[in-house]
Amino acid sequence: MSTPQQAAAALFDELDALGAAAPPGASFDPAAIDRIEAAGLTGVSVPKELGGNELPLLDVIDVWSELARADGSIGWVAFAIDSAASYFGSYLGDDGAAEVFADGVPRLAGQFAPNGAGAEDGDAWVVDGSYQFGSGLTIAELAGCGFFASPADGGDPGYRFGVLPVDQAQIQGNWHVLGLQATQSVDYQLTGVRIPDRHTFDFFAPVCHRGSAMHRLGVLPLTAVGHAAWALGVTRRLLDELRTAVTRTRMGAASSIGESDPSLITIARLESTYASGRAWVREASEQAEAECAETGEFLSVSTSNLVRQACVHVNQTGVDIAEEAYRLAGTVALRDGAFQRAFRDLHAGGQHFFASNAASIDWAKTLLEQGT
């Protein structure tokens, strides 16, 4: 019986072809998500109680990495949909979860930064907002959003995540970008949309109604794990493509690119950087899951910062690896193909908040506090 990673790897040729065939400025064929579902890899981080797989966290990382290795855009949308469904599957109460997951694990996409405002109206929130980067929204069934929630009694606003039918979102496009071109990470608007309170949860104080220790990582660390897994997958693909590229001989050269000592040293260093980053992501994720299993509580701030920094590290070093590999690969890197796609995707992913230095500042403060 194959492992989840092997099942994901078996999709490589199909997903690679579907990713390469995505028209400029458009999404990849939704058949890619159908293939993932047919392989039994839907909802790998979603509670079993709601139809998900609820795999151990290291298996989740392996699956998300393999999907991204086949194609960066497909892998990005797959982990984004999966992780969003994981939050709502774990943190919605019973009534809300039963409705949102009535037909199985939904294709749920959106931006969860608090770019909207919700006013309490009975048992619902009336939300207006302007959102960006709704990755996969054009092929989703449900849209997600983050909003500041103002209670009817005039109390201080909270910060909630909500979910709604995708046809209630006004999709505005605006995804003309260097990399991750087929993710359809579009802008969208919500205008007076009524979201039942049971379809929302408190970002700052979620309640884990179901799931495993993984779900007690919380939104930020689990999202960071997804971005880390994605970066590892795309970086692995780029390094695989580099191995092929350096077998070529440049014009006027006496031997192939990969036969020179400087090239061999560079390849060894890039592979070492990748391997060390992968090991750190797995170590930090394993530590986080074990902590939550032991305490039964949400992840501590210090371990959360550790996981987030491991994510930043592999995203930033992925960009560095891509740039050095580009210079080494010769003219192969100039032409459209898997190498170029991975190069562009890593640079696009490297612009995300979860690849930024915000987590580095938090982690460094944690280290200094532990040292005093």
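Two strands are taken to pair if DSSP finds at least two bridges between them. Helices (H or I, at least four residues) and strands (E, at least two) are DSSP runs, numbered from the N terminus. The model is predicted: local features need pLDDT of at least 70, side-chain atom pairs count only at pLDDT 80 or more, and totals for chains, interfaces and linings use all residues. Residues are numbered from 1 along each chain as its sequence is written, and side-chain values use heavy atoms, with hydrogens and water left out.

## The sheet

Strand 4 comprises residues 158-165 and is also joined to strand 7, by three bridges, in an antiparallel arrangement. Here Arg 160 has Asp 202 of strand 7 as its bridge partner, and Phe 161 stands opposite Phe 201 in strand 7. Six of the eight residues of strand 4 are buried, so this strand is largely enclosed by the rest of the structure. Buried means under 20% relative accessible area, exposed means over 50%, and partly exposed lies in between (1.4 Å probe, protein chains only).

These strands belong to an open sheet of seven strands, ordered 5-6-2-1-3-4-7, with mixed pairing. Strand 5 (170-173) and strand 7 (200-202) stand at the edges; each has a single partner strand, so one side of each is left without a neighbour in the sheet. On average, neighbouring strands of this sheet are turned by 25° against each other, direction ignored. Helix 5 (residues 72-91) lies across strand 1 (108-121), strand 4 and strand 7, and runs at about 40° to strand 1. Axes are lines fitted to C-alpha atoms, for helices over the stretch in contact, with angles from 0 to 180 degrees between N-to-C directions. Contact means heavy atoms within 4.5 Å.

## Aromatic pairs

A pair of aromatic rings is described by the distance of the centres and the angle of the planes. Rings of Phe, Tyr and Trp (its six-membered ring) pair if their centres lie within 6.5 Å; planes under 30 degrees apart count as stacked, over 60 as edge-to-face and the rest as tilted. By this rule the count comes to 22 aromatic pairs.

Phe 112 lies in strand 1 and Phe 161 in strand 4, so their pair ties together parts that are 49 residues apart in sequence. Both Phe 112 and Phe 161 are buried. The pair of Tyr 326 and Phe 343 links helix 9 (residues 301-329) to helix 10 (residues 338-349), with the two residues 17 residues apart. Tyr 326 counts as partly exposed, at 33% relative accessibility, whereas Phe 343 is buried, with a relative accessible area of 19%.

Ring pairs also link a cluster whose members include Tyr 87, Phe 88, Phe 112, Phe 161, Phe 201 and Phe 298. Elsewhere, the charged end of Arg 236 sits over the ring of Tyr 274, 5.0 Å from its centre. The criterion is that NZ of Lys or CZ of Arg is within 6 Å of the ring centre and within 35 degrees of the ring normal.

## Nonpolar cores

A nonpolar core is a set of buried Ala, Val, Leu, Ile, Met, Phe, Trp, Tyr and Cys residues joined through side-chain atoms within 4.5 Å. The largest has 96 residues, and those with the most contacts inside it include Ile 36, Phe 88, Phe 161 and Trp 230. Helix 7 (residues 219-245) gives the largest share of this core, 14 residues. A second, separate core of 18 residues includes Ala 109, Ala 140, Leu 190 and Ile 195.

Residues up to four places away in sequence left aside, Ile 36 touches Leu 11, Leu 15, Leu 41, Thr 42, Leu 67, Ile 74 and Ala 78. Ala 31 is found in helix 3 (residues 31-38) and is buried, with a relative accessible area of 14%.

## Backbone features

The loop between strand 5 and strand 6 (186-196) holds Leu 180. Leu 180 has a positive phi of about 50° although it is not a glycine, and is buried at a relative accessible area of 3%. Gln 184 is found in the loop between strand 5 and strand 6. Its phi is positive, about 50°, although Gln 184 is not a glycine, and Gln 184 counts as buried at 13% relative accessibility.
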